[in-house]
Amino acid sequence: MTLNMIVAICMVVAIVVMLLKEVTNAGISFAVVSIIGALIMGYSFRQINRMITQGFTIIGPVVFLMVFAILYFTILHEQNVFKVLVRFIMKFVGRSPVAVALVNNALAEATQLDGSGATTALCTLPPMRPIYDQMKMRRTTMMIIYTFGSGALIFLPWSPGINEQMAYVGGDALTAFHLLTPVMIFCIIFSFVVAALLGFIEQKRNGKISAEEFAEMKARIDEETKVDTSKRGLMIFDTIVTLVIVVLLLSGIATANAIFALGLAVLLFANYRTGKEQRAYLQRQAKTVIGIVVTMFGLAVYLGVANGTGAFNDLAVFLTSGMSEGALIHMPLILCLLVVPLQIFLGNAAPAIIIPAVASLVQPLGVDPILFMCTYFAGHSVATTVCFFSGSAWLAMELGGVNVKDMLKRVMVPCILYSWVIVFICVGMGFIPL
């Protein structure tokens with residue numbers, strides 16, 4: 001094992017420990033550890049700077065989306081649009097946490113139809129979060145249901161993830177979709193079963209809200225969502241603009257970055273008429289926005305260094321070289337069972353580097369690389385919100401109001417168990433050997 005491989009492993013461990021200990025902002029952890037790691041590997045500051053520039057090209061669009069989308073949704077919160085939406089949804093869910101969980105899952109699956117994980121987070125978590133708070137349900141439960149619901153539709157052939165990962169082994173998304181259709185059907189059904197179960201657990205944990213408590217909560221919501229007659233037209237306008245944005249996103253007519261930039265400008269001018277009011281609003285959100293930007297910039301540094309040094313590629317080759325056929329034939333199953341931890345700690349380095357490297361070694365043993373990647377991708381479908389080297393995961397955590405520690409403590413284990421179920425279904429279908 002070379003020095004670079006050892007340093008790469010130490011980088012990941014150090015970052016994860018710092019995230020769990022909440023030593024500092026996540027972005028600072030990513031940036032400092034990555035730069036020190038690259039220096040230890042022998043790279044100059046000039047070379048590291050070029051790596052960081054490449055990292056920004058990867059993460060830049062996500063930063064843009066996060067800033068504009070969060071500023072956009074905060075306007076809706078300040079204008080009580082979401083509180084009115086909560087009142088509307090409450091008419092359907094009543095006093096039942098199970099109904100809340102099922103609506104959460106249905107919304108996640110419906111908004112995943114466009115294939116964009118960012119759109120799903122943007123359209124699912126902001127309206128569901130206040131409902132969970134009102135019903136005294138845990139936000140981590142919301143994140144689990146959101147993850148399983150969106151993951152059930154991640155197999156659609158127009159989703160970026162499936163196109164990217166199948167390309168690593170010379171396959172195509174349409175072939176993978178046909179192979180994984182039975183798995184997708186199972187995931188859709190199973191996600192509703194899990195959502196109902198989690199809703200029942202929340203109900204057992206807090207008890208079903210009594211009729212009196214529900215009436216009090218409705219009265220409180222009604223009081224909080226009283227709208228001045230003069231502002232009713234503005235709220236309707238904000239709602240219509242938001243619905244148009246959602247329709248344009250789900251239909252594929254508009255991209256998230258462009259539509260939220262335009263939408264933010266429209267809502268900002270409509271709700272805050274003077275430059276002074278607009279500046280005051282932006283200043284109120286500065287703390288949140290700066291924290292997000294620092295986190296994403298730090299992630300850009302990590303991704304640039306990880307890709308630029310090639311240390312993870314060397315590590316994949318090292319781990320798989322020299323293995324006997326008896327041991328090598330079990331590597332596909334082992335890697336697929338480890339898909340959630342691999343996505344958490346390595347991000348896209350696993351499907352981009354490790355899986356293709358192993359696939360080329362096990363192909364002579366009768367393991368089809370495309371079926372191998374299909375199995376890995378199927379298990380990976382529920383790892384999106386706990387992959388801390390992905391911008392969409394940080395977007396989901398910000399919108400869901402859940403921190404890294406809670407995600408690892410309460411969301412990771414259900415994701416691992418769910419991914420195992422999916423992987424063994426693929427094994428039963430003959431995709432990879434047991």
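Guide: We begin with a term: a nonpolar core is a set of buried Ala, Val, Leu, Ile, Met, Phe, Trp, Tyr and Cys residues joined through side-chain atoms within 4.5 Å. Please bear in mind that this is a predicted model.

Visitor: Which residues touch the most other members of the largest nonpolar core?

Guide: The largest nonpolar core holds 134 residues. Its largest share, 14 residues, is supplied by helix 3, which spans residues 45–78. The members that touch the most others are F260 and Y302.

Visitor: Which residues is F260 in contact with, leaving aside neighbours within four places in sequence?

Guide: Contact here requires heavy atoms within 4.5 Å. With sequence neighbours up to four places away set aside, the partners of F260 are L65, F68, A69, Y72, F73, L122, I245 and L249.

Visitor: Is N105 buried or exposed?

Guide: N105 is placed in helix 5, residues 97–111. The relative accessible area of N105 is 0%, so N105 is buried.

Visitor: With which side chain does the side chain of N105 make a polar contact?

Guide: Not counting residues up to four places away in sequence, N105 touches I145, F148, G149, S191, F192 and A195. The polar contact of the N105 side chain, at 3.2 Å, is with the side chain of S191.

Visitor: How many salt bridges are there?

Guide: Side chains of opposite charge can pair when their charged atoms come close. The rule applied here asks for a side-chain nitrogen of Lys or Arg within 4 Å of a carboxyl oxygen of Asp or Glu. By this rule, the count is three.

Visitor: How far apart are the closest N and O atoms of D133 and R139?

Guide: D133 is partly exposed, because its relative accessibility is 37%. R139 is also partly exposed, at 26%. The two form a salt bridge, and their closest N and O atoms are separated by 2.9 Å.

Visitor: How many residues apart in sequence are the parts that E202 and R138 tie together?

Guide: The side chains of E202 and R138 form a salt bridge, with N to O at 2.8 Å. E202 belongs to helix 9 (residues 173–206), whereas R138 is in the loop between helix 6 (117–134) and helix 7 (139–152), so the parts tied together are 64 residues apart.

Visitor: Is E202 buried or partly exposed?

Guide: The limit for buried is under 20% relative accessible area. R138, at 26%, is therefore partly exposed. E202 has a relative accessible area of 1% and is therefore buried.

Visitor: How many disulfides does a search of the whole structure find?

Guide: A disulfide requires cysteine sulfur atoms within 2.5 Å. For C336, which is buried at 0% relative accessible area, the nearest cysteine sulfur is that of C426, 7.8 Å away. For C374, the nearest is likewise that of C426, at 7.7 Å. Across the whole structure, the number of disulfides found is zero.

How values were computed. Residues numbered from 1 in each chain as written. Predicted model: local features only at pLDDT ≥ 70, side-chain atom pairs only at ≥ 80, totals over all residues. Heavy atoms only, no water. Buried < 20%, exposed > 50% of the residue type's maximum accessible area, 1.4 Å probe, protein only. Helix = DSSP H or I, 4+ residues; strand = E, 2+ residues; numbered from the N terminus. Polar contact = N/O pair within 3.5 Å; in protein donor to acceptor, adjacent residues only side chain to side chain.
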